[in-house]
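This report looks at aromatic rings and their surroundings in one structure. The sequence and coordinates are shown first.

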Amino acid sequence: MSNKDQIKEINVFEEDLNDTITFWEKIRNIFRGKSLWMLHYCTGCGAVELPPTMTARFDMERLGMGPMATPRQADVLLVTGYLSVKTLRRVIYTYEQMMFPKYLVGFGSCTINGGIYYDSYAVINRLDYYLPVDLYVAGCMPRPEAIMNTFKTLENMITKGEANGWKKYVENYEWYRENQIRSLGEVYVKDEFHE
Amino acid sequence: MSYLIAFSIIIIGFLWQVSLDGVQRKVTAKVHRRVGPPWYQAFMDIFKTLSKSSISHGFIYDFGVMMALGGTIATLMFLPFGNIVAFEGLDNFFVIVYLLAVGSLGMAMSASGSGNAWAGIGIMRALTQMLAYEVPFMIVVFGMIHAYGTSSLSELAHVQQMNGILGWHIFTMPLGAIVAFISLLGMLTKVPFDTPIAPAEIASGPMVEYGGKHFGMLILQHEFATLVEVGLFVNLFLGGGNLLEYLIKYFLVYTLVTLIYSVSARFRVENVVTYFYRVPIILSLVQTAIVIFTGLGVNV
Ligand code: SF4
């Protein structure tokens, strides 16, 4: 099975992949922007800023966001901090299990350029090489205000149809896959139940 | 004509229940001293999930979802909605309990078709919990049916209205009403009885493999099942009433459920079973004995 076939297993709306935005797509985008379910992949220090963002003081649910327990139901994947090479493999599995359209938010300087771990042998430097990041939150670590601001920005981007990371991933899958393989060795999604 | 009525019940029920769901999220937020999402958030969630792509895990997986949704909508058609009854003479308690099981079984079938281990655990828990809450609930309702000699829901609702507010079964059969309310919490799988879903323990249980459209259909199924279950309680214990009264009673019962839900923690699954088989089953047996042997609480 070629790489192209593997990604095509998942059914993508053909018209979603176009760059022109039709009327129905605009309506769809409004719904998608107003209701974001997130999967917080709590890898690094940034994770401790999520509980205050979720609870009474900052109240993430005002934006229609809520935590989801499984990648199948989630729309946004939050990568909260440094990614060691071992964790990267799990993040890739998680991202590939999510349903289209999906968005990825990177937290803190570690996902941008490696942060204080930039010369470590076990930590990847740029998340963008491996997965398409829609939005970064700057800071080491970002405050809850910054996180809320990011979510609001992401909402606006989705409503306008500008959060296109997942399209980039489908279209440039070879490039991403090459990078993934270079860092990790072989990448595959293990499917124990339907072999 | 009756099909037209049934269809409008489905539409009205959908709009009512989904907007109420948003309002209840607002209520929960107020209890937590938050602001909470807007009232139409539940609509946004449903339409968003329906607009996403989804993958299939085989025929059983797809078929079970449709069976769950279809079975639950079919159940709703037979429920008296206020004083509106779509199929006159068929609004029978047994029809509704029988059809409601089709929805749960469809979902169980589909989730086991997904092959995920969490789904298997979730289904096991859901069926165990069903075994726990059905028994006390059925004992109470069978006592009621025995006393009146009818199992038609609109007739059972009608006999309660003859003595005014004090004739409602919540006042004449208080023990039974308490048991039925606790069973209702179990039916709705709300905290404290949300062991089958348990996001933090078993990653949403039966829902674990659903995404996109399949998940949207299951949310719809859940909304319709809520309509049926709360509607059963309102008809059996709060005396139904006309459409407006029915909706107000529905709102009050559902808000009470939400208030309990937003401040409590979860039972473990074996605690659920021992809980239901300890207090509620004794209460329900006492209530049924009173109804059958002394006739107390039966309006004539
Ligand atoms: S950016 Fe700073 S806070 Fe975030 S993971 Fe890196 S070191 Fe930790």
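The sections below cover ring pairs in chain B, a ring cluster in chain A, and charges over rings.

## Basis and total

The model is predicted. Over all chains, the count of aromatic pairs comes to 31.

A pair of aromatic rings is described by two values, the distance of the centres and the angle of the planes.

## Ring pairs in chain B

B:Trp39 and B:Tyr40 form an edge-to-face pair, because their planes stand at 80°, where over 60 degrees is required for that class. Their ring centres are 5.8 Å apart. B:Trp39 has a relative accessibility of 49% and counts as partly exposed. B:Tyr40 is partly exposed as well, with a relative accessible area of 32%.

B:Phe93 and B:Phe137 have ring centres 6.3 Å apart and planes at 50°, so this pair is tilted.

## Ring cluster in chain A

Which residues do ring pairs link into a cluster? They are A:Tyr95, A:Tyr129, A:Tyr130, A:Tyr169, A:Tyr173, A:Trp175 and A:Tyr176.

## Charges over rings

One member of this cluster, A:Tyr129, has A:Arg126 over its face, at 4.6 Å from the ring centre. A:Lys102 lies over the face of A:Phe100, at 4.6 Å from the centre of that ring.

How values were computed:
Residues numbered from 1 in each chain as written. Chains lettered and ligands numbered in written order. Predicted model: local features only at pLDDT ≥ 70, side-chain atom pairs only at ≥ 80, totals over all residues. Heavy atoms only, no water. Phe/Tyr/Trp six-rings, centres within 6.5 Å; stacked < 30°, edge-to-face > 60°. Buried < 20%, exposed > 50% of the residue type's maximum accessible area, 1.4 Å probe, protein only. Lys NZ or Arg CZ within 6 Å of the ring centre and 35° of its normal.
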